[in-house]
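Look at the structure shown here and follow the chain through its sheet, its aromatic rings and its metal site.

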Amino acid sequence: MTTAIGVVITDHIVAGRLEDQRLTGQPLRYPADSDELDALAAIPGGELVELLATQIAALTANDTVPPRPAPDAIGVAVPGIVRNGVVEDSPNLPQIKGMRLASDLTKVLAARGIAAPVHVANDADAIAAGVAATRGQLNKLTRVWTLGNGIGYGRWPYIDGVWEGGHVTVSLDPRERFCGCGGLGHLEGIMGYRAMRLRFLDLEPEEVFAQARQGDPRCREFVDLWHRALAAATASFIHLAGPGRFYFTGHSAHFIDLPVLRAHIESMVKMGTLQSFSLEVLPPDDETALLGAGVSALRALAS
Ligand SMILES: [Zn+2]
C-alpha cells in the first residue's frame with residue numbers, strides 16, 4: 001500500500017491522508033470555517049510553513065490502533081511557478097515568492113520527527129493530476145483552468161516549464177490593467193475574482209453575472225468579454241499543444257456558460273484536426289487537488 005499526505009494551498013489550506021491514491025478520513029482545513037478569499041494573504045511565509053507542518057503532523061500522528069504507516073511521500077500544491085521545490089513566483093501569495101518550500105518544510109518536519117520526502121507542485125498541475133488519476137487517464141493529456149483570485153493553468157503529465165496560463169495576453173486594449181501581476185491585457189486581469197472587483201467597484205462579481213442575466217448592458221458586455229477571454233486562452237493552448245480535454249474549476253467556475261464558451265472557442269479554432277476538444281466544469285472540491293498533490297509526490301519518488 002502507498003501512503004501519501006496531500007496538501008493544497010489555494011485561497012485556504014487543506015491537507016489529507018491518501019492510501020492507495022484514495023482519500024482516507026476527513027481532510028483538515030485552514031481556516032476551518034471561512035470561504036474568505038484572502039485568508040492567507042496576511043500570514044508570513046515562515047508561519048505558513050509551520051501551519052503546513054502542524055497539519056501534516058496531525059495526519060501522520062501515530063495515535064491509532066493499529067498504528068498507521070508513515071507516509072511514503074508528502075505532496076504540497078501551491079499557486080505560482082514551482083521548479084525543483086522552489087516557489088519562483090506567486091503573484092497571489094507574494095510572501096512565498098523565492099521560498100525553498102520543499103527544503104524549508106522538510107527541515108521543519110524533521111524537527112517533528114517526520115522524514116518523508118516533500119514534493120512541491122503548482123496547484124493547477126495538481127488538480128490536473130488529480131482529475132487524470134480519478135478518471136483513470138494518467139496516460140492522457142489533461143488540462144485544467146483554475147478560476148479564483150488568480151487564474152491557474154495546469155497540465156498532466158507534468159512537463160518542466162513556466163506555464164503561467166493565467167497571464168497569457170488575451171487583449172491588446174491598454175485599459176485592461178487589472179491583473180494581479182501588473183501586466184496589461186492578461187487573462188487574469190479579466191477573469192480573476194479580485195480583478196473583477198477592481199473593474200466593478202460598485203458590484204460584486206456574483207451581482208455582475210446576475211445582472212447580466214437580467215439584461216443589464218454593461219454587465220452583459222463584461223460577461224461576454226469574460227467568456228471570450230477564456231475562449232481565447234484555451235484556443236491558444238489548443239493551437240500550441242492540440243485539442244483534448246479541458247476542465248474548469250475553482251471559485252468562479254460556476255459562472256461559466258459552457259455553450260457560450262464552446263461557441264467562442266469554435267469561432268477561434270478553425271483547423272479541422274484541432275476541433276476535437278472537450279470542455280467540462282468540475283464541481284468545487286478540494287479532494288481532486290489533494291489527490292493530485294499526493295499522486296504527483298508518489299510519481300516524483302518513482303522517477
Ligand atoms: Zn498577469
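A residue counts as buried when its relative accessible area is under 20%, as exposed when that area is over 50%, and as partly exposed in between. The model is predicted. With a relative accessible area of 4%, Phe-209 falls under the 20% limit, so Phe-209 is buried. Trp-226 is buried as well, because its relative accessible area is 0%.

These two residues also form a pair of rings. In general, a pair of aromatic rings is described by the distance of the centres and the angle of the planes. For Phe-209 and Trp-226, the centres are 5.1 Å apart and the planes stand at 80 degrees. An angle over 60 degrees counts as edge-to-face, and therefore this pair is edge-to-face. Phe-209 belongs to helix α6 (residues 205–213) and Trp-226 to helix α7 (residues 217–241), so that the pair links distant parts of the chain, 17 residues apart. Across the whole structure, a search finds eight aromatic pairs.

Other rings gather into a group. One aromatic cluster is formed by Trp-145, Tyr-153, Trp-163 and Phe-237. Trp-163 has a further contact: the charged end of Arg-155 sits over its ring, 5.6 Å from the ring centre.

Next comes the metal site. Which residues are the protein donors of the zinc ion? They are His-167 and His-186, each through ND1, and Cys-179 and Cys-181, each through SG. The donors lie 1.9 to 2.3 Å from the zinc ion. The angles among the four donor atoms run from 99 to 117 degrees. Four donors count as tetrahedral if all angles lie between 85 and 135 degrees, and so the site of the zinc ion is tetrahedral. Along the sequence, the spacing of the donor residues is H-x11-C-x1-C-x4-H. His-167 is buried, because its relative accessible area is 14%, whereas Cys-181, at 40%, is partly exposed.

Strand β9 contains Ile-151. This residue has a relative accessible area of 3% and is therefore buried. The C-alpha atom of Ile-151 is separated by 7.3 Å from that of Met-191, although the two residues are 40 residues apart along the chain.

Now turn to the strands. Strands of a sheet pair through backbone hydrogen bonds, either parallel or antiparallel. Five strands make an open sheet in the order β3-β2-β1-β4-β7, with mixed pairing. Why is one side of β3 (22–30) and of β7 (118–122) left without a neighbour in the sheet? Both strands stand at the edges, and each has a single partner strand. From one strand to the next, the twist averages 20 degrees. Strand β4 (residues 73–78) runs parallel to β7, and five bridges join them. Gly-75 has His-119 in β7 as its bridge partner.

Strand β10 (residues 245–249) is mostly covered, with four of its five residues buried. It pairs with strand β8 (residues 142–147) in the parallel sense over five bridges, and Thr-146 stands opposite Thr-249 in β10. Strand β11 (residues 278–281) also runs parallel to β10, joined by four bridges. There, Tyr-247 has Glu-280 in β11 as its bridge partner.

Definitions and conventions: Residues are numbered from 1 along each chain as its sequence is written. This is a predicted model: local features need pLDDT of at least 70, side-chain atom pairs count only at pLDDT 80 or more; totals for chains, interfaces and linings use all residues. Side-chain values use heavy atoms; hydrogens and water are left out. Rings of Phe, Tyr and Trp (its six-membered ring) pair if their centres lie within 6.5 Å; planes under 30 degrees apart count as stacked, over 60 as edge-to-face and the rest as tilted. Helices (H or I, at least four residues) and strands (E, at least two) are DSSP runs, numbered from the N terminus. Buried means under 20% relative accessible area, exposed over 50%, partly exposed in between (1.4 Å probe, protein chains only). A charge sits over a ring if NZ of Lys or CZ of Arg is within 6 Å of the ring centre and within 35 degrees of the ring normal. Donors are N, O and S atoms within 2.8 Å of the metal (3.2 Å for Na, K and Ca); water is not among the atoms, so sites may look incomplete. Four donors count as tetrahedral if all angles lie between 85 and 135 degrees; four count as square planar and six as octahedral if opposite donors are over 155 degrees apart and all others between 65 and 115; anything else is irregular. Two strands pair if DSSP finds at least two bridges between them. Axes are lines fitted to C-alpha atoms, for helices over the stretch in contact, and angles run from 0 to 180 degrees between N-to-C directions.
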